[in-house]
Every structure is written in structure tokens, then in C-alpha cells.
Amino acid sequence: MKYDMILAGVGGQGVLSIAAAIGLAAVGEGLHLKQAEVHGMSQRGGAVQSHLRIADRPIHSDLISEGQADMLLSLEPMETLRYVPFLAPDGVIVADRAPVLNIPNYPDLDAVLAALRQFPRVHLLDATAMAQELRNARASNMVLLGAASLFLPLEASALEAAIAQLFGRKGEAVVSKNVEAFRAGRSVIQPA
Amino acid sequence: MTAFVPLGNEALAQGALDAGLSGVYAYPGTPSTEITEYIQRSPEAQARGVTSAWAANEKTAMEAALGMSYAGKRAMVCMKHVGLNVAADPFMNSAFTGVHGGLVYAIADDPSMHSSQNEQDSRFFAKFALIPAIEPSNQQEAYDAAFYAFALSEQHEIPVMVRMTTRLSHSRADVRRREPLAQNVLSLPRNLLQFVLLPAIARRKYADLLAKQDEFVADSEASPFNRYEDRPDTSLGILACGISYNYLMENFPEGCPHPVLKIGQYPLPRTLVARLVEVCDQVLVLEEGMPLVEEMLRGYPFDGGKVHGRLDGYLPRAGELNPTLVARALGREDSRPRFEVPSIVAERPPQLCQGCPHADTYRALNEALESYSKGRVFSDIGCYTLGALPPFNAINSCVDMGASVTMAKGAADAGLVPAVAVIGDSTFSHSGITGLLDAVNARSPLTVIIMDNLTTAMTGGQESAGQGHLEAIALGLGVEEEHVRVITPLPRQHQANVRVISEELAYEGVSVIVARRECIETAKRKRKG
């Protein structure tokens with residue numbers, strides 16, 4: 001088993017928390033993991049991405065080859081499109097519809113969403129809105145992780161345990177809010 | 001034992017701790033910062049009393065580490081590649097003095113310049129200084145490299161470089177730890193003149209260093225970081241340095257059919273390299289950074305066309321490698337059609353945060369400069385360098401740490417008056433102070449704005465060495481009291497700030513304006529606790 005994914009978003013959105021949760025779950029299951037992160041200048045509101053690879057055998061490269069990613073998981077619609085060269089022909093896209101409008105020349109959102117719908121296996125969801133409905137606006141990343149979990153080679157219980165481990169330091173209330181967001185995301189899409 | 005899944009930087013840090021580290025010295029800089037931060041946060045390091053404070057700059061850090069080595073203990077210095085330029089003086093000369101306690105220089109290069117001004121390759125520096133260097137290919141090797149480098153350092157009484165690159169520094173994988181070693185006890189060098197580089201002694205030390213070179217090569221031949229993998233298809237041989245070995249293997253899931261020489265320790269193992277070149281018809285050199293090994297193998301001007309790499313277009317001349325580029329060089333690229341990035345996708349460069357104090361300072365500075373011609377603001381390295389981009393378009397230079405003050409002085413000397421320097425509090429502490437002294441001594445007409453956000457923000461909020469002393473430093477250097485001003489960069493202070501800056505621009509001597517407001521990111525983190 002080998003599963004390669006690109007995580008995308010804008011600096012500050014919580015890309016690395018998703019990566020950390022998947023990483024903890026994978027290692028907890030005894031799988032091998034490699035996960036390349038972006039630190040430094042891009043974290044100031046720029047485009048950020050993480051390459052995350054899990055497998056039941058040792059993994060060589062920290063970076064995924066173009067055309068090889070099983071999933072592109074993105075917190076922002078336009079950022080999703082930036083990394084499509086990494087996606088395998090049968091790879092799946094899971095992305096939030098809500099744009100981050102911190103640049104003056106953001107393209108027409110309808111055109112962005114239309115471009116996304118061209119891909120064979122794409123699941124767009126309103127993760128930001130769902131997180132706000134749950135009164136946990138910062139948890140859109142956990143909503144997305146929940147949606148993505150339907151495709152990952154990891155048990156939902158392992159991912160929930162990882163979320164508990166990740167947020168445990170912040171108390172039980174924060175853990176249950178994030179698990180709630182995860183479950184909301186998991187219930188919202190039907191895997192194709 | 002719980003799983004240990006560190007970044008490459010964290011693996012190196014834990015390795016150093018487990019190898020009996022007594023002190024880490026560093027100035028923050030991407031991609032090296034997490035090595036020191038990991039040790040600062042480690043309960044094990046605290047329990048063992050490991051020294052781990054940030055230094056004013058890379059040179060002071062390296063000298064302090066050399067002092068710890070003099071006293072017999074194991075020390076590590078961490079910096080980014082361009083930081084080694086700042087520390088080049090102690091770096092080169094410590095190869096002459098040699099060490100007493102083990103001394104490791106952890107240098108993190110940033111090919112593709114993700115967060116840097118250039119992409120220089122620190123392996124050249126190791127070669128220049130004639131010291132051994134270890135280049136781990138993965139997180140486990142980064143951990144193991146610490147043990148190995150400290151042992152090598154003490155065996156040969158020589159500092160050893162561990163060269164990291166961005167991808168390894170900032171990528172996680174599982175790592176197995178070893179039994180920790182005890183720290184060294186305090187002891188002095190047997191020869192108390194070992195560190196005295198008077199010419200007569202330095203000449204002897206240089207002869208010693210040259211004499212050690214054959215031993216370093218012999219170590220490389222037997223090193224666990226260098227490995228000759230014999231395989232049948234000798235139409236091609238591949239020499240893969242550091243992390244590029246992984247990109248190579250990624251392209252051969254069923255195993256590479258060609259002989260491979262994996263390189264992780266320098267100087268190069270001559271016998272192993274000669275074997276690869278002799279046995280194989282063609283040789284492809286994969287190295288992250290500049291074509292150091294490729295140039296050596298080509299042996300100018302007798303290149304028989306056998307060696308390939310970055311110098312003949314098999315691989316790009318600049319930038320970091322990845323598995324796709326290596327696939328192309330091997331002629332093994334995946335031929336399936338690739339999704340393309342739609343043309344509507346816009347660039348999203350990094351930018352100053354909403355509410356950043358630097359933004360308020362730039363708005364005030366831009367307004368104060370409206371009556372002058374453009375192109376007179378020299379700046380420096382930090383978050384505030386983003387002031388070069390729209391909507392501010394506020395600065396005209398970013399070269400190296402501290403160059404804002406000295407370049408503004410030179411331009412003012414040439415007649416560009418007023419000239420302005422914009423520098424952060426941490427960068428000022430790092431390398432701005434001596435330049436300001438030059439300006440005071442020359443009475444140069446210069447306005448220095450110190451953007452004091454009370455932290456080293458760009459690298460994640462480390463303490464800044466000059467914190468709380470900036471006005472005292474300016475006064476102590478001889479800046480006149482009435483021209484040391486403090487402003488608070490807030491929207492409601494805008495008019496007052498424009499006035500202060502305008503007054504100092506009009507003064508034909510050295511002014512220092514401290515624009516002080518805490519970084520909103522560090523303030524946020526403090527509130528959260």
C-alpha cells in the first residue's frame with residue numbers, strides 16, 4: 001500500500017495541522033510516513049503546500065513526482081489548481097469552495113470553480129461555512145480532513161485519535177469541537 | 001516507546017542531544033531554525049543543562065561554540081547557508097586551530113531560494129576550509145550524523161560540517177533513537193597554544209591540516225554515509241549526493257539496475273569514485289545545490305563527455321532537485337498526460353500580515369518621502385523586506401544582514417541626501433550596529449529607521465539580541481540625543497509619525513527612529529499562552 005497526497009492552502013490556514021493529524025494516525029497504525037512542509041517566508045499569507053506520503057514499506061523521496069498524487073486536498077479553491085500537475089490521472093480532489101481573497105488580482109471565483117469541476121474526481125465542499133455553523137471557524141481544515149478521510153487508507157477512529165492527540169494540550173472541549181468538525185466533513189460527501 | 005517522527009532538523013537536534021551535546025549556538029534563519037528551537041523546547045535538554053540561547057549573529061555563535069570546544073565539551077552551531085558567510089572568519093580559522101571537544105557546524109542550504117537571497121552550496125565552504133562534511137540523505141541519517149560527526153571531530157581534532165538542505169530540514173519521517181551518551185567533562189587542550197594562530201604557529205597548524213587530508217579521504221572510503229552499490233547494467237553509473245539518492249531510488253521502485261555511488265561524506269572517497277567512473281560508460285551526477293562533484297569529475301579541460309549533470313543540461317543548472325527532474329535526466333519520465341495549471345491561477349506571494357506594524361511605518365515613510373525623488377530607501381532582511389512589493393513599493397535594496405545602514409551611508413556619501421535605512425530590531429542587533437558607528441564617525445546625512453517589533457518575526461518569533469537596548473545602543477554609538485526618536489506605528493499615530501520622519505529626513509546628520517510596536521503574531525501567541 002502506498003498513498004501520496006498534496007495538501008494545499010494559504011499560509012495560516014492550517015495545512016500543517018491536517019498533515020500532522022494524518023501523520024500521527026499513519027504512524028499509530030505502524031505505517032511509514034514522509035511529509036515535506038513549507039516553513040519560512042511563504043507562511044506569511046503566501047501559497048503553501050505539503051507533500052504527504054504514507055506506505056506499508058519504506059518510502060524513498062520526500063517529494064511526490066508529478067502525475068503521481070492519489071489526492072489533492074486543498075483549503076482554498078485557486079490553490080487547488082496550482083498543484084494539479086502532481087495529481088495522478090485517477091487522483092481525487094477534495095477542496096473547500098471558500099476563496100482567500102488576500103491578493104488584488106484573484107480570478108473570477110465561478111471560473112475557478114468551473115475549472116475545478118473539469119477534473120474527473122472532484123469533491124468541492126463548503127468547509128469554511130460548515131465550520132462557522134459549528135461555531136468553530138478555525139476548524140475548516142478538520143472538516144476537509146473528515147471529507148478526505150473517506151478516501152484515505154486509514155480508519156476514521158485512527159484519525160479521530162490523532163486529532164485528540166494533536167489538540168489534547170488545548171483541553172477536552174477543543175478536542176471534541178475538532179472531532180465534531182471532522183465528523184461533519186465525513187458525513188457530507190459520497191465517495192465516487 | 002512512542003513513535004518519533006521528526007523534521008530532518010529535529011532529527012539532527014535529537015541526535016546531537018543523544019550524542020552528549022553541551023551547547024547549541026545559533027542565529028535563526030530558514031531552513032535551519034528548528035534545530036535550535038527543538039533543543040530549546042526539549043525537556044531532556046533542560047534536564048541535562050544544555051546551553052541553547054540565540055546569539056546576536058552567526059559569527060558570535062560560532063566563536064562561543066569554539067570556546068565550548070576549547071573547554072572540552074561538545075558544541076554545535078546552526079545557521080543557514082548565508083549565515084556561514086557572516087561566520088566565515090571563525091569557520092576558516094577553526095579548521096587551523098582544530099578543536100578539543102567535538103564541534104559540529106550544522107549548515108542548512110536553501111536551493112531554489114524558498115526563503116533566501118542566494119542558493120550558495122556550503123559543501124564548497126567545507127572544501128575551502130579543508131574539513132570533513134556529512135550530508136545526510138534522510139531523517140535517520142540526520143540523527144545518526146550527529147553521533148558520527150562528533151566522534152569524527154574528536155578523533156581528528158577538527159570541526160565537522162553537517163550539511164542540510166531545505167527538503168530534508170523540513171520533511172518528517174520516523175527515526176529510531178539510540179542510547180544517549182554522557183556529556184564530556186570540562187577539560188582544557190593538552191597544548192595551551194593550540195588556539196593561538198600567531199603566524200609561526202598557524203604555519204604549523206596548516207601543515208597539520210594538510211597532513212590530515214589523506215586521513216579524511218580514508219575515512220570517507222570506509223564511511224557508513226558513502227556506499228557503492230554494485231549492479232549489472234554498467235551503461236550508466238549514478239553518483240547521488242545527499243537527498244538526491246532518494247529521488248533516484250524513487251524512479252526505480254523495483255530497484256536500480258545501474259551501479260550507484262551514494263555520497264554522504266566529503267572529501268570524496270577517491271577509490272569509490274574512480275571505480276564508478278572506470279566501470280561505467282556514462283556517469284550521471286545528482287547533487288542538491290551547485291555542481292561541486294560534477295566539476296571535480298569533469299577534471300577540466302579533459303572532460304571526455306562521459307560525465308553528465310547540471311553542467312550539460314541533463315539537470316537544471318539552478319534550483320533544487322525533485323524526483324520528476326531526476327526521472328527526466330534518466331530518460332524515465334512518466335509519459336502519461338499531465339494535468340496543467342489553468343491560466344487563471346494568479347501568483348500569491350507572501351505579504352505583511354493584516355495589522356502588521358511595519359505596514360504603518362511604511363505608510364508614514366512613503367508619505368514623508370513624497371517631496372523627494374524616489375529610490376533612496378535601503379532595507380534589509382526580515383518580514384519588512386516584503387515592503388518592496390505592492391501596495392508599499394517602499395524599499396530599494398535587500399542584500400545582506402545589516403547592509404541597509406552601510407549602503408545608505410555610502411549613497412549619502414555619494415550625495416544622495418537624504419538617504420534612509422530601514423532595518424529590523426533583530427537585524428540591527430545582528431549586523432547594523434557597526435555600520436551605524438561608521439555613519440556617526442563620518443557624520444553622514446542618514447536616517448535609520450529601526451523597525452522594532454520586539455522579535456525575530458520572519459523565522460517564527462525568536463528573541464532579538466538588542467531588545468530593550470536599541471535607544472541606548474544608538475546613544476552609546478554617539479547619535480545625538482535629540483535625533484534618537486521613538487514612534488508607535490499605529491494608524492491613529494500616522495500624522496505624528498510622518499512629522500517625526502520628515503523632521504529627521506531634513507536633518508543633515510545621523511538620525512535613528514525606533515518604530516516600536518510588537519509583532520501581531522507574537523502578541524497573538526502570547527495571549528493564547
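**Exercise 1. Find what covers the buried residues of helix 4 of chain B.**

Step 1. Among the elements covering them are strand 1 (21-26), strand 2 (74-80) and strand 3 (103-109) of chain B, along with helix 5 (81-86) and helix 6 (88-97). Helices (H or I, at least four residues) and strands (E, at least two) are DSSP runs, numbered from the N terminus.

Step 2. The buried residues include B:Ala61, B:Met62, B:Ala65 and B:Leu66. Buried means that 20 or more other C-beta atoms, placed from the backbone, lie within 10 Å of a residue's own.

A note on the model: it is predicted, so local features need pLDDT of at least 70 and side-chain atom pairs pLDDT 80 or more, while totals for chains, interfaces and linings use all residues. Residues are numbered from 1 along each chain as its sequence is written, with chains lettered from A and ligands numbered from 1 in the order written.

**Exercise 2. Check the span of helix 4 of chain B.**

Step 1. The expected span is 1.5 Å times one less than the number of residues, so the 13 residues (58-70) should span 18 Å.

Step 2. The end C-alpha atoms are 18 Å apart, which agrees.

Step 3. Just after this helix, B:Gly72 takes a positive phi of about 95°.

**Exercise 3. Describe where chain B meets chain A.**

Step 1. Count the contacts (C-beta atoms, placed from the backbone, within 7 Å): 38 residues of chain B touch 40 of chain A.

Step 2. Helix 11 of chain B gives the most to its side, with four residues.

Conventions. A residue is buried if 20 or more other C-beta atoms lie within 10 Å of its own, exposed if 12 or fewer, and partly exposed in between; C-beta atoms are placed from the backbone. Two residues are in contact if their C-beta atoms, placed from the backbone, lie within 7 Å.
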